[in-house]
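Thanks for coming, everyone. Please look at the model on the screen while I talk.

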Amino acid sequence: MKFSEFKYKRPDYEIIKNQMENLIEKIENSENESQQYENILEINKIRNHIFSMKSICYIRHTINTEDTYYDSENNYWDEQSPLYEELDSKFYKAIVNSKFRVKLEERLTKHFFNLAENSLKSFSPEIIEDLQEENRLGSQYQKLIASAKIIFENQEYNLSGLTPLSLNKDREIRRKSLEAKYNFFKENEDKIDEIFDKLVKVRDKISKKLGLNNFVELGYIRMDRTDYNPEMVANFRKQVKEFIVPIASELYKNQQKRLGIDTLRYYDEKFEFEDGNAIPKGDAEWILKNGSRMYSELSEETDDFFKFMVENELLDLKTKAGKAGGGYCDYISEYKSPFIFSNFNGTSGDIDVLTHEAGHAFQAYRSSWIEIPELNFPTYESCEIHSMSMEFFTWPWMNLFFEEDADKYKFSHLGGAIKFLPYGITVDAFQHEIYENPNLTPKERKDIWRKLEKQYLPHKNYEGCEILENGGWWFQQSHIFQSPFYYIDYTLAQMCALQFWKKMNENRDEAWKDYLNLCDVGGTKSFLELVKLSNLISPFEDGCVSSVVAPIENWLKEN
């Protein structure tokens, strides 16, 4: 069934509430484990329906934020989601306290019960209004970013549409287009500061109501980090600073030499080669056609998957007016269908999205046998292993998209993975400081960002751009606003994906086998369990980062 044919109907909360409460009562009164399990299956059917309706609404809303119907439906979910969370909380409480829990863990997995316990820690009926406010503020930020109408050389662009100009061979066009972009953030600085200040305050308020010290604690619980903690993350940041930051800095120095410029400025960072970056040699339809060929040749598994995606129109790829920014993959459990959303703009990022989001979607497709909604996807840092590793597994087909520039793309891609790691830990360190000190002023927050940039991203040169020099770069990082603490996940996954890159160079068949095993189990295991299943080294383990560095450094020097 095509996505356009997926039916959306706003659930009736009172009906859902009665159904779920009746089933919860049956769960609590079950005489044996089998009865309890059957009632859990019934309640999960209802929950899958709710999650599916919410996903369909979200996808259609982000495809066109100016659609008044789905805008109002999105507002409904902002308001009602905490009430559905309350029902989930009652369900979790019933099963966590079940006298048949040991047997149920064998059927539902121990990891599911850990997730349920985390959910109980992160919810209370007294925070419902605060959660609604948090949702409203997140949507307010998203709509503000999507509303950008930037006039550059007599043409109107949204933020994503400006990207090709920021990669133009002409340095002045790069500079002026990025000036226009950051002028939007400067003009909206007070609004963004206000939204974020309210978000920090309401998240701190929620944490205190739940009996926690601060939102850092709640952030880790919300992110379902069941087998690692802030101290382990801090040790990983330390490894990145020691082993990766020097390599990234050297890459930027070499880039400056390649470009033949005295100083690498902020508008040069993404421009790798004097004759221009590698870009796809065709439009969105051409990319999709070549993508179909790529996935048909990569493996039988990816061939089946991508045919399903294309035939059922489960991809919305082009940027357009009113469309939300960024890219993502969602999963509609009732239809057992992943969905890929992106904003193609004619840059190599289009191919990154096609491989990255397809990695997420491939995992969801492979693990669609899972009927427990919490386990369709793993936790975020594990999800990103699928996506980032798929980017590398598709390397042999990059000539389809970039033709004679395929090697340029691979160099930028692998070098970009190294350059990303220091940025990723900057975002993470920033959020730790912000939520440990919730009463900072907007200026103090921006000062912290700039301080961290100088520590982890010493190459940064913002001369001529006041808002960036004053620490406002993070305004454009939507995760900080809408998915707090969701960012170190990318760096942890990147270390795992780089291990897959190393393994596939040594034995591609074995690497693909490990990758399939990882995808097939979905979210039934925790992060460190999945790392072990995939025959990878934990990023938290001393020596993990350094073990991957040498072959990557050698490859970049030879290419």
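First, a term: a charge sits over a ring if NZ of Lys or CZ of Arg is within 6 Å of the ring centre and within 35 degrees of the ring normal. Take Arg174. Its charged end sits over the ring of Phe271, 4.0 Å from the centre. Likewise, the charged end of Arg225 sits over the ring of Tyr220, 4.7 Å from the centre.

A word on the source. This is a predicted model, where local features need pLDDT of at least 70, side-chain atom pairs count only at pLDDT 80 or more, and totals for chains, interfaces and linings use all residues. Residues are numbered from 1 along each chain as its sequence is written, and side-chain values use heavy atoms, with hydrogens and water left out.

Now ring on ring. Rings of Phe, Tyr and Trp (its six-membered ring) pair if their centres lie within 6.5 Å; planes under 30 degrees apart are stacked, over 60 edge-to-face, the rest tilted. How many aromatic pairs does the structure hold? It holds 60. One of them joins Tyr8 and Tyr69, edge-to-face, at 6.4 Å centre to centre and 80° between the planes. Tyr8 lies in the segment before α1 (13–29), Tyr69 in helix α3, 61 residues apart. Helices here are DSSP runs (H or I, at least four residues), numbered from the N terminus.

Buried or exposed? Buried means under 20% relative accessible area, exposed over 50%, partly exposed in between (1.4 Å probe, protein chains only). Tyr8 is at 13%, so it counts as buried. Tyr69, at 40%, is partly exposed.

Technical notes. Helices (H or I, at least four residues) and strands (E, at least two) are DSSP runs, numbered from the N terminus.
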